[in-house]
Amino acid sequence: MPLSAGRPYMALPGPSMMPDRVLQAMHRPAPDIYAGELHDMVASLIPDLRAVARTSGHVAMYIANGHGVWEAALVNCVAPGEKVLVPTTGAFGHGWAEMARGIGAEVEIIEHGRKTPMDPERLRAALLADKGQRIKAVLAVHVDTSSSVRSDVAALRRVLDEVGHPALLMADCIASLGCDVFEMDAWGVDVMITGSQKGLMVPPGMGFVFFNDRAKAVRRAMSRVSCYWDWAPRAEPGMFSHYFGGTAPTHHLYGLRAALDMIHDEGMAAVWQRHARLARALWTAADCWASEGPFRLNVADPAHRSHAVTAAQVGAPLGDRLREWCRDEAGVTLGVGLRVNDPLDPTGAGYFRFGHMGHVNAHGILGLIGVVEAGLTALEIPHGAGGLAAAVADLARPD
Ligand SMILES: *Cc1c(COP(=O)(O)O)cnc(C)c1O
């Protein structure tokens, strides 16, 4: 008999669960868009967004999902015929590369597969081979949500500096911002993009491009930038309508105000620590399950795993069956496996993903672990015993 009634739990790597405080902030009548409270509220978002991104740079807001800000970041800095370098660790790196091809850029990929982080030495070799320094930007996905690989973005900056290459360093933090440690200024990132619906806990529909003065100068030197995607009027609006190149996404903005208040009330260090602790509890359970049978996490080394999303596999078709069991019997929805490129599992039906980003806490993660363990047991998928108990012990440890 299904036990799935009650509040559903979305363990998706985006869109993530929305806090009641965010939903309640959005549940209100239409505001006056011409003057007053909305204008003040929107201005108040800017310093708080910067604080989450750890930058004193500029921010442009868009009514767009992650794909939109992929394009926004590119069109402000890369003209048709110019070249970008894309180290990839999963499907999202390839997705950004595809966007770059779409705007007419020449794309060089450094393929890293789906299980290991970017290798700064391979970046160095590619930059040294670029004799005329034609590469305009390096596009690095901090956490590739398909593989759950997290790469060391600061190490890429060190290599750019050591080689003396002027390319901009662009980071996709759509999955990682507000979950995994990220320091835009300290790590020397020139352009960073994120979306509203992952660590920021707001419904999908808004995207953000952060950029520093170096990137601003590159934008100024472009011969043209499409009006709608131009970040200049959005980051330095002469009037309120410039923020969004038209009507503001009023209710998303109220939700975002509430989400940023929650993040700042908790504190960035505490937010990062919470994600790290909860991810570790999940991995502790996963190590138990993996001690017998087919269950495996996608990334072997915990140092290269994201704290926001964890990709796992149990072999086709059990991944899909496990997801269905958790959803239909227990009210927990796991993320689907994404284009994993595994020759043994071409459909990806053996893979799935745990989302643990944003509005997550210990009781939610323990519920998630308990449900997956029940699903493994009910479906008679061989697995090591005691995952939930091990996670409980891990969370009970002072830290
Ligand atoms: C979710 C995600 C995207 C795509 O965002 P959409 O809002 O689905 O367009 C891109 N990159 C990363 C790393 C993501 O996690």
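A salt bridge (a side-chain nitrogen of Lys or Arg within 4 Å of a carboxyl oxygen of Asp or Glu) joins the side chains of Arg7 and Asp20, with an N to O distance of 2.8 Å. Arg7 belongs to the segment before S1 and Asp20 to helix H1, so the pair ties together parts that are 13 residues apart in sequence. Side chains of opposite charge can pair when their charged atoms come close. Over the whole structure, the search finds 24 salt bridges.

The model is a predicted one, in which local features need pLDDT of at least 70 and side-chain atom pairs count only at pLDDT 80 or more, whereas totals for chains, interfaces and linings use all residues. Residues are numbered from 1 along each chain as its sequence is written, and side-chain values use heavy atoms, with hydrogens and water left out.

The secondary structure of the protein chain comprises 13 helices and 14 strands, where helices (H or I, at least four residues) and strands (E, at least two) are DSSP runs numbered from the N terminus. The radius of gyration of the protein chain, 21 Å, is close to the 21 Å that the globule rule gives for 399 residues, so the chain is as compact as a globular protein of that length. This radius is taken over C-alpha atoms, and the globule rule is 2.2 Å times the number of residues to the power 0.38. Along its principal axes, the C-alpha trace spans about 60 × 55 × 40 Å.

The domain assignment divides the protein chain into domain 1 (9-16 + 267-396) and domain 2 (31-249); such bounds come from an automatic or database domain assignment. The C-alpha centres of the two domains lie 29 Å apart. Contact (heavy atoms within 4.5 Å) involves 30 residues of domain 1 and 27 residues of domain 2. The area buried between domain 1 and domain 2 is about 2,300 Å², with carbon and sulfur atoms giving 56% of it; buried area is the accessible area (1.4 Å probe) that two parts lose on being put together, summed over both. In domain 1, the residues that lose the most area to domain 2 are Met268, Trp272 and His304, which together account for 26% of what that side buries.

Between the two domains there are zero salt bridges, but 14 residue pairs are in polar contact, both residues being at pLDDT 80 or more. A polar contact is a pair of N or O atoms within 3.5 Å; within protein, one must be able to donate a hydrogen and the other to accept it, and residues adjacent in sequence count only if both atoms are side-chain atoms. On the side of domain 1 that touches domain 2, the elements giving two or more residues are helix H10 (268-290), strand S12 (309-313) and strand S14 (351-355). The residues of that side divide into 15 nonpolar, twelve polar and three charged. In this classification Ala, Val, Leu, Ile, Met, Phe, Trp, Tyr, Cys and Pro count as nonpolar, Asp, Glu, Lys and Arg as charged, and the others, Gly among them, as polar.

Several backbone features occur in loops. A cis peptide bond with omega of about -10° joins Gly14 and Pro15, and Pro15 is placed in the loop between strand S1 (9-11) and helix H1 (20-26). Ala316 and Pro317 are likewise joined by a cis peptide bond, with omega of about -5°; Pro317 is found in the loop between S12 and helix H11 (318-330). Arg54, although not a glycine, has a positive phi of about 60°.
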